[in-house]
Amino acid sequence: KDEKIHGLAISILDASKMVKTKYFIVMDADNQHPWELVEEVVDNLKQGEKLVIASRKKIEGRWPIFRKSISYLGDILGKVSLLARGKRHINYDVLTGFFGVEADLWKRIVFEENNFVHFRLKGYKVLFDFLKVVPNKIPVKNVSYVFNSRRTGFSKLNRKIYIEFLKALFL
């Protein structure tokens, strides 16, 4: 029986197939990612960058120590996983949910080269999954931002999400 998969990763993958623009941006809609940075991401893409990663340089607000520890550990594990694959794109926030990419590059790497099998469809770390398959020769531009406290909604992080990420480290 085919199970219907719901979640962020599958939604982004499905939407990216339909993109008709030259670029697209992925970001959360809960105001943790500053919409003011979208223009800088787009400007970098227009200047020829293929992938622009918005990295958290600072976290505003109060995060419980457990949440900070999980984030820090996830970042380290993600970078180690990428290094083990021979990937060099580790000088960035590899777990950010805010990035811009050239649509044709994404579609070629993810779908035409059948790399979508390396994505955790129930997961949340789509950029991390993309960095696992993107060639090292693709230049990456980094822009930094302050990660704001959540103003709307609630975190969907739970044990299942952590397990999906741990699986993604080895897929």
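Helices H3 and H6 run roughly parallel to each other, a label that covers angles under 35 degrees, with over 145 called roughly antiparallel, 65 to 115 roughly perpendicular and the rest oblique. Helices here are DSSP runs (H or I, at least four residues), numbered from the N terminus. This is a predicted model, where local features need pLDDT of at least 70 and side-chain atom pairs count only at pLDDT 80 or more, while totals for chains, interfaces and linings use all residues. Residues are numbered from 1 along each chain as its sequence is written, and side-chain values use heavy atoms, leaving out hydrogens and water.

Back to that pair: the axes of H3 and H6 (residues 159-170) cross at roughly 20° and come within 10 Å. Axes are lines fitted to C-alpha atoms, for helices over the stretch in contact, and angles between N-to-C directions run from 0 to 180 degrees. On the H3 side, Phe-66, Ile-70, Gly-74, Leu-77, Gly-78 and Ser-81 make the contact, and on the H6 side Tyr-162, Phe-165, Leu-166 and Leu-169 do; contact means heavy atoms within 4.5 Å.

Next comes H4. Helix H1 (residues 8-18) packs against H4 (residues 103-112) at about 120°, with the axes 10 Å apart. That angle makes H1 oblique to H4. Here Ile-12, Leu-13, Ser-16 and Lys-17 of H1 meet Trp-106, Lys-107, Val-110 and Phe-111 of H4.

Trp-106, Ile-109 and Val-110 of H4 touch Val-126, Phe-130 and Val-133 of H5.

Finally, Val-80 sits in H3, which spans residues 65-84.

Technical notes:
Helices (H or I, at least four residues) and strands (E, at least two) are DSSP runs, numbered from the N terminus.
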